[in-house]
Amino acid sequence: MSDKTMSEADVVSRLRSGMTIGIGGWGSRRKPMSLVREILKSELTDLTVVSYGGADVGLLCAAEKVRKVVFGFVSLDSIPLDPHFRAARQAGRIEVNEYDEGMLQWGLYAAGIRMPYLPTRAGLGSDVLRVNPELQTIVDPYAGETLVAMPALPLDAALVHMNRADMHGNAQYLGPDLYFDDLFCLAAESVYVSCEQVVPTAELTADAHPSTIRIPRLLVSGVVHAPGGAHFTSCVPDYDRDEAFQREYATAAKDPDAWQRFVDRYLSGSEADYQRLVAAEFEGVAA
């Protein structure tokens, strides 16, 4: 079995402008933020981002890396909307496909099992069909029921953050929810996993049930050791969302000069610089 460990820069060097990239996690929870921060420093542009979005989508929109966002929501959880995504959408700077959360799940699943679409009741009777006029309905040939034909959402690459992985790519979550990271990985041509710890394979099951290893090495192209790599989103049980930093992020987004100061301070250096700075400034700050 091969050693798939690499750096954030190695991962981003394998991505190309114009790709469709799925980003795992959920809102402001367990996002692969160190990989997102590396994309911000790259020449990548014209991306289609598929996400249950949070600051991952917001930061990429702010940096003008995004052509289109395919999403079920874009939220910071304790702050209802990501301000950068909201501004980009209201200004018409990005294209969007806004789906019901279950429809996005179904589109990823369809891509993962190599189906062109899957039927669903989600979206019926809602404005989802109005705002996505390309969606088609189909009639169940057995019962005659009209259903939405949710198209597959194939991805060129998926980026996810997990609690632990081994060097071969077996990846494990230890928090309360996998979200849909496994479906992002199944839907993608290439999968890159950042994680809090890279451990020997035997340690993955030494203190946790094997069912928590939901991303197998056969799907994974690269593993990045990224302690704190989900910051400022949560990565339970390793750490919670950094509410103080998230408030600073959202406040800075309201003013171009304040945002430039935020970028210069937090996003212009290396990932190690970022981690040292936020640890010094926000460690022990009450949410």
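These legends walk through several close-up views of a predicted model.

**View 1. Aspartate 181 and the residues around its side chain.**
Leaving out residues up to four places away in sequence, aspartate 181 touches Gly24, Gly25, Arg30, Val160, His161, Met162 and Ile215. Look for isoleucine 23 as well: 158 residues separate it from aspartate 181 along the chain, while their C-alpha atoms are separated by 8.2 Å.

**View 2. Alanine 111 in helix H5.**
Here we turn to alanine 111, a residue of helix H5. Its relative accessibility is 7%, so alanine 111 counts as buried. Which residues does alanine 111 contact, leaving aside its neighbours within four places in sequence? They are Ala152, Leu153, Pro154, Leu186 and Ala187. Leucine 183 is 72 residues from alanine 111 in sequence, and the two C-alpha atoms are 8.6 Å apart in space.

Tyr109, Ile113 and Met115 make a nonpolar surface patch of about 250 Å². One of these residues, isoleucine 113, sits in the loop between helix H5 (101–112) and strand E5 (117–120). Isoleucine 113 is partly exposed, its relative accessible area being 39%.

Helix H4 covers residues 83–90, and its buried residues are His84, Phe85 and Ala88. Around the helix axis they cover an arc of only 100°, so they are on the same side of H4. What do these buried residues pack against? Their partners are H3, E3, E4, helix H9 (243–252) and H10. At the start of H4, aspartate 82 brings a side-chain oxygen to within 2.9 Å of the backbone nitrogen of histidine 84. Following H4 comes glycine 92, which has a positive phi, near 75°.

In helix H10, residues 256–267, you will find Ala258, Trp259, Phe262, Tyr266 and Leu267 buried. Why do they line one face of the helix? Seen down the axis of H10, the buried residues fall within an arc of 115°, so they share one face. An α-helix has 3.6 residues a turn, so residues three or four places apart point the same way. The face turned away from the buried side of H10 carries the exposed residues Pro256, Asp257 and Arg261. At the N-terminal end, H10 is capped by aspartate 255, with a side-chain oxygen 3.1 Å from the backbone nitrogen of aspartate 257.

**View 3. Arginine 67 and glutamate 95, a link between strands.**
Arginine 67 and glutamate 95 form a salt bridge, with their closest N and O atoms 3.1 Å apart. Arginine 67 lies in strand E3 (residues 66–74) and glutamate 95 in strand E4 (residues 95–98), so the pair ties together parts 28 residues apart in sequence. Arginine 67 counts as partly exposed, at 33% relative accessibility. Glutamate 95 is partly exposed too, with a relative accessible area of 40%.

**View 4. Aspartate 273 and arginine 276 along helix H11.**
The side chains of aspartate 273 and arginine 276 meet in a salt bridge of 2.5 Å, N to O. These residues are three apart in helix H11 (residues 271–282), so about one helical turn separates them. Aspartate 273 counts as partly exposed at 35% relative accessibility, whereas arginine 276 is exposed, at 54%.

**View 5. A network of salt bridges.**
To finish, meet Arg29, Asp77, Arg241 and Glu243, which are linked in a network of salt bridges.

Note on methods:
Residues are numbered from 1 along each chain as its sequence is written. This is a predicted model: local features need pLDDT of at least 70, side-chain atom pairs count only at pLDDT 80 or more; totals for chains, interfaces and linings use all residues. Side-chain values use heavy atoms; hydrogens and water are left out. Contact means heavy atoms within 4.5 Å. Patches are made of residues with over 30% relative accessible area and no salt bridge: like charges are joined within 9 Å, nonpolar side chains (Val, Leu, Ile, Met, Phe, Trp, Tyr) within 5 Å. Accessible areas come from the Shrake-Rupley method with a 1.4 Å probe; for residues, only the protein chains shown count as cover. A salt bridge is a side-chain nitrogen of Lys or Arg within 4 Å of a carboxyl oxygen of Asp or Glu. Helices (H or I, at least four residues) and strands (E, at least two) are DSSP runs, numbered from the N terminus. Buried means under 20% relative accessible area, exposed over 50%, partly exposed in between (1.4 Å probe, protein chains only). The arc is that of the directions from the helix axis to the C-beta atoms. A polar contact is a pair of N or O atoms within 3.5 Å; within protein, one must be able to donate a hydrogen and the other to accept it, and residues adjacent in sequence count only if both atoms are side-chain atoms.
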